[in-house]
Amino acid sequence: SQAYTGAETGPVAGKGFYDVEVNKNAATVTLRGHLDVDNTLLLTSGNLTTDTNSIWLAGDFIVTGGNLNQNNNASIFRLDATGGIHTFDPQGENFRGVIVNAPGAVYTTQSDFSIANLNMQIEDGELVLNGNTLTVNNNNRTIELNGGTLNVDSASVIEFNGNNQQLNING
């Protein structure tokens, strides 16, 4: 299946979705355009493949089954709420890149996840690891804190699995 979103250059007024659920049994939904979700992105079964498209999410990300497949380095997962407390439950997903630019919002992780291929950036808002593990895969990857907050409590772990990886605190 293919999902034509009508958004080719990022979030477009009138082209966003309130909730999106992927429930395809063992099948795949492939994005044909960027995906802008205002509330909840729920993966219950099957695969959501992004190709060169990015996801903008202003609410909860919950995986109970299935997988997010970011199969191109142009694909970024962006958390962009403007306030509120949100659930981030990726169930071990390996993201190409994650950007948190969510003024006044708190995203609380409920499970482990990893990043690879691109850096993770926290521009605004807060990402709470909540006792979970954030794994940085691939050489030369960084976590960039450019104004937001990465809350790493005593039960949380940031694991670096490559060479020349780092946490940069810039703002």
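L167 counts as partly exposed because its relative accessibility is 39%, where partly exposed denotes values between the buried class (under 20% relative accessible area) and the exposed class (over 50%), with a 1.4 Å probe and protein chains only. The structure is a predicted model, in which local features need pLDDT of at least 70 and side-chain atom pairs count only at pLDDT 80 or more, whereas totals for chains, interfaces and linings use all residues. Residues are numbered from 1 along each chain as its sequence is written, and side-chain values use heavy atoms, with hydrogens and water left out.

L167 is found in strand β17 (residues 166-169), strands being DSSP runs of E of at least two residues, numbered from the N terminus. Together with F160 and I169, L167 makes a nonpolar surface patch of about 290 Å²; such patches consist of residues with over 30% relative accessible area and no salt bridge, nonpolar side chains (Val, Leu, Ile, Met, Phe, Trp, Tyr) being joined within 5 Å.

When residues up to four places away in sequence are not counted, F77 touches, among others, L41, F61, F88 and F95, contact meaning heavy atoms within 4.5 Å. S45, which lies in strand β3, counts as buried at 14% relative accessibility, and, with neighbours within four places in sequence left aside, S45 is in contact with V22, N23, K24, N25, G65 and G66.

Strand β10 (residues 98-109) runs parallel to strand β7 (residues 77-79), to which 3 bridges join it, two strands being taken as paired if DSSP finds at least two bridges between them. Strand β8 (residues 84-89) also pairs with β10 in the parallel sense, over 5 bridges, and the β10 partner of I85 is V106. The parallel pairing of β10 with strand β12 (residues 120-128) extends over 7 bridges, with V128 in β12 as the bridge partner of T108.

A search of the whole structure finds 1 salt bridge, defined as a side-chain nitrogen of Lys or Arg within 4 Å of a carboxyl oxygen of Asp or Glu. D51 forms a salt bridge with R32, the closest N and O atoms being 2.5 Å apart. Because D51 lies in the loop between β3 (35-49) and β4 (55-57) and R32 in strand β2 (residues 17-32), the pair ties together parts that are 19 residues apart in sequence.

Notes: Helix = DSSP H or I, 4+ residues; strand = E, 2+ residues; numbered from the N terminus. Patch = residues over 30% accessible without salt bridge, like charges linked within 9 Å, V, L, I, M, F, W, Y side chains within 5 Å. Areas by Shrake-Rupley, 256 points an atom, 1.4 Å probe, with all protein chains shown as cover.
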